[in-house]
Amino acid sequence: MTPPTVPAGARIDLHAHSTASDGTLTPAELVRAAADAGLDVVALTDHDTTAGWDAAVRALPPGLSLVRGAELSCRWHGAEPALPLHLLAYLFDPAEPELVAELARVRQARRERGERIVRLLQADGIDVSWSEILAGAAGGTVGRPHIAAALIRAGLVATTTEAFGPDWLGERYRLPKEDIDVFRAVALVRAAGGVPVFAHPRASRRGRIVPDELIADLAAVGLAGLEADHEDHTPAERAHVRGLAAELGLLVTGSSDFHGSHKTVRLGAHTTTPWAYERIVAEAAGVTPVIST
Ligand code: AMP
Ligand code: FE
Ligand code: FE
Ligand code: ZN
């Protein structure tokens, strides 16, 4: 495929969520917001789903390119207990049966975990209802931010950040979900023609992080890149990720991980170089970026 030509100063944000998962803008609103934010390229990367792709394509404003992607919930079983991690997958074939089945399984596991968290809360006398949380997710991939929203509506916490604190979803009412083995995820994404990039690999403030050895092992089996510029990375963590990427021959991305009002970060807060973007597109064999003229 001919790589797209993007201008040298192009603003490229390769990680954003919509109401198809735990963002608060619909896919159509998201692409319009991306254009308003002055972006030239935006990636739609909802958790474990491609459900927002078509609506985003239909609403794509002129001059904006859309990278269709997803953020896969993965787990590495080389630690005890196993470590959760996120894999961004770009431009894969959304009809590849094994990947489709795995994403459906993870979404179902998310619903089961959400319901179990709600039962734990209810057992402590906290007045939240699963049906209300499901309604809040409106058919999108259910995540803890939807439970956080219910805690806010119930007046129990003031912000999503507080809901992710140790007294709530961050620890006391935290339950693991059945994620995709990370090696299987890399293989499935590549088999579907997609390009896998490790999301916020060093974000220690989110919890335990994986060792560099795992990243080297993943690079050897198809991992394409590492997200370095992300609001959850300190400057030292960003520098470490860059160094590791250089050592392993991986590309480096930067992105906002925009979630609408579920987070404070703005679209385009961090960006990816045209060079890295073009490399992702050149490696992809699933779907192409959608360029609106
Ligand atoms: P889940 O995918 O259900 O495990 O929930 C994780 C999601 O919650 C992430 O994708 C973020 O969107 C959000 N999240 C995680 N930590 C925080 C935090 N401290 N504050 C706000 N949102 C968070
Ligand atoms: Fe999220
Ligand atoms: Fe993530
Ligand atoms: Zn994300």
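Predicted model: local features only at pLDDT ≥ 70, side-chain atom pairs only at ≥ 80, totals over all residues.
View 1. Donors are N, O and S atoms within 2.8 Å of the metal (3.2 Å for Na, K and Ca); water is not among the atoms, so sites may look incomplete. The iron ion (ligand 2) is 5.7 Å from the iron ion (ligand 3). His86 belongs to strand β4 (residues 83–90) and His200 to the loop between β6 (195–198) and α8 (212–220), so the pair ties together parts that are 114 residues apart in sequence. Helices (H or I, at least four residues) and strands (E, at least two) are DSSP runs, numbered from the N terminus. His86 counts as buried at 16% relative accessibility, and His200 is buried with a relative accessible area of 7%. Buried means under 20% relative accessible area, exposed over 50%, and partly exposed in between (1.4 Å probe, protein chains only).

**View 2. Crossing of helices α4 and α5.** The axes of α4 (residues 130–137) and α5 (residues 144–153) come within 9 Å and cross at roughly 115 degrees. Axes are lines fitted to C-alpha atoms, for helices over the stretch in contact, with angles from 0 to 180 degrees between N-to-C directions. Glu132, Ile133, Gly136 and Ala137 of α4 make the contact with His146, Ile147, Ala150 and Arg153 of α5 (heavy atoms within 4.5 Å).

**View 3. Surroundings of helix α5.** Because 8 of its 10 residues are buried, α5 is largely enclosed by the rest of the structure. The buried residues of α5 pack against α3 (97–123), α4 and α6 (160–163). Just after α5, Gly155 takes a positive phi of about 75 degrees.

**View 4. The largest nonpolar core.** Of its 70 residues, Leu14, Val42, Leu72, Tyr90 and Leu226 touch the most other members. A nonpolar core is a set of buried Ala, Val, Leu, Ile, Met, Phe, Trp, Tyr and Cys residues joined through side-chain atoms within 4.5 Å.

Conventions. Residues numbered from 1 in each chain as written. Chains lettered and ligands numbered in written order. Heavy atoms only, no water.
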